[in-house]
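Here's a quick briefing to read with the model open beside you.

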Amino acid sequence: MTLTKRIIPCIDVDLDEDGNPAVYTGVHFEDLKYTGDPVEMARAYNELGADEFVFLDITASAEGRETMLDVVEQVADEVFIPLTVGGGIRTTDDIKETLRAGADKVSITTGALERPELVNEGAKAFGSQCIVISVDARRRYDEQGENYVEIDGESCWFECTKKGGREGTGIDVLEWATEAESRGAGELFVNSIDKDGTKDGYDIPLTTAVTEAVDTPVIASSGCGGPEDMYEVFTEADADAGLAASIFHFDEHSIEDVKQYLDERDVPVRL
């Protein structure tokens with residue numbers, strides 16, 4: 001049986017100047033601009049045919065604070081599709097509280113990089129299907145990596161970053177992806193800092209390298225500019241799901257249109 005490819009809208013949530021939760025959209029994880037209300041956007045995407053929904057508290061780790069669980073609860077009340085929540089998750093108690101607030105899965109970046117045992121503990125306590133390891137990757141053109149790919153005639157490797165892309169780790173993405181899988185991660189969420197917000201397509205070399213290195217399902221993220229980019233990441237990089245933000249937030253393309261485009265080109269999707 002052929003598994004359908006999933007189309008996943010994502011909201012990046014932060015606190016505005018008045019301390020209220022708001023959705024922001026940026027480029028390369030910077031230059032964030034107000035986009036909308038997280039609860040209203042969640043309600044809309046649930047009605048518009050999204051296969052899943054991702055809520056990321058984009059400054060929780062960098063600021064050392066907990067995820068906005070009260071907002072997660074409000075979002076969970078509006079969506080009846082799988083909900084993944086990330087940001088500021090460092091312990092199994094954090095995982096438990098996030099799932100209790102209504103999340104179906106948790107996305108972990110910094111907490112897992114700083115203490116990889118968290119992946120094992122989370123998978124054992126809650127099941128691998130609940131543990132999504134998010135990778136915020138950036139290209140490096142030096143000799144510090146473990147695995148290299150050729151891009152436009154140059155050799156580069158992909159580095160894991162943490163705290164919302166603010167800090168490098170020196171950890172090779174492919175080394176970390178295989179380790180996270182072996183520790184029990186049920187899914188990998190691959191973000192490209194180089195492609196984030198550009199709308200010029202997913203990072204195909206990055207996504208391909210990860211899908212070839214692991215058997216765990218891979219969500220491709222960052223850079224989607226339209227249905228053709230979804231088609232490319234599914235057919236060339238073999239991603240299991242395509243995540244997008246800007247094209248859906250600003251009504252440049254609808255989820256329905258994207259699925260129709262893919263279906264007409266024999267990519268299996270849930271219509």
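Asp-266 sits in the segment after α11 (255–264), and this is a predicted model, where local features need pLDDT of at least 70, side-chain atom pairs count only at pLDDT 80 or more, and totals for chains, interfaces and linings use all residues. Residues are numbered from 1 along each chain as its sequence is written, and side-chain values use heavy atoms, with hydrogens and water left out. Helices (H or I, at least four residues) and strands (E, at least two) are DSSP runs, numbered from the N terminus.

**Positive phi**

- Most residues other than glycine have a negative phi.
- Asp-266 is not a glycine, yet has a positive phi of about 65°.
- With a relative accessible area of 72%, Asp-266 is exposed (buried means under 20% relative accessible area, exposed over 50%, partly exposed in between, using a 1.4 Å probe and protein chains only).
- Ser-222 is another non-glycine with a positive phi, this one about 90°.
- Look for Ser-222 in the loop between β12 (218–221) and α9 (227–235); at 8% relative accessibility, Ser-222 counts as buried.

**Annotated active site**

- The unreviewed UniProt entry puts its "active site" annotation on Asp-12 and Asp-136; such annotations may be inferred rather than shown by experiment, and the positions are given in the numbering used here.
- These two span 125 residues in sequence, yet no two of their C-alpha atoms are more than 13.8 Å apart, so they gather at one spot.
- Asp-12 belongs to strand β1 (residues 6–15) and is partly exposed, with a relative accessible area of 21%.
- Leaving aside residues up to four places away in sequence, Asp-12 touches Ala-22, Val-23, Tyr-24, Leu-56 and Ile-58 (contact means heavy atoms within 4.5 Å).
- Asp-136 is in strand β7 (residues 131–140) and is buried, with a relative accessible area of 8%.

**Helix packing around α6**

- Two packed helices are described by the angle between their axes and the distance between the axes; axes are lines fitted to C-alpha atoms, for helices over the stretch in contact, and angles run from 0 to 180 degrees between N-to-C directions.
- Helix α6 (residues 117–126) and helix α7 (residues 173–183) have axes that come within 8 Å and cross at roughly 35°.
- On the α6 side, the contact uses Glu-117, Val-119, Asn-120 and Ala-123, while α7 supplies Trp-176, Ala-180 and Arg-183.
- That α6–α7 contact divides into four nonpolar, one polar and two charged residues (Ala, Val, Leu, Ile, Met, Phe, Trp, Tyr, Cys and Pro count as nonpolar, Asp, Glu, Lys and Arg as charged, and the others, Gly among them, as polar).
- Helix α4 (residues 92–100) packs on α6 at an angle of about 45°, with the axes 9 Å apart.
- Here α4 contributes Thr-92, Ile-95, Lys-96 and Leu-99, and α6 contributes Leu-118, Glu-121, Gly-122 and Phe-126.
- By class, the α4–α6 contact has four nonpolar, two polar and two charged residues.

**An enclosed helix**

- Seven of the 10 residues of helix α8 (residues 204–213) are buried, so α8 is largely enclosed by the rest of the structure.
- The buried residues of α8 are Ile-204, Leu-206, Thr-207, Thr-208, Ala-209, Val-210 and Thr-211.
- Their cover includes β7, β9 (154–162), α7, β11 (187–192), β12 and α9.
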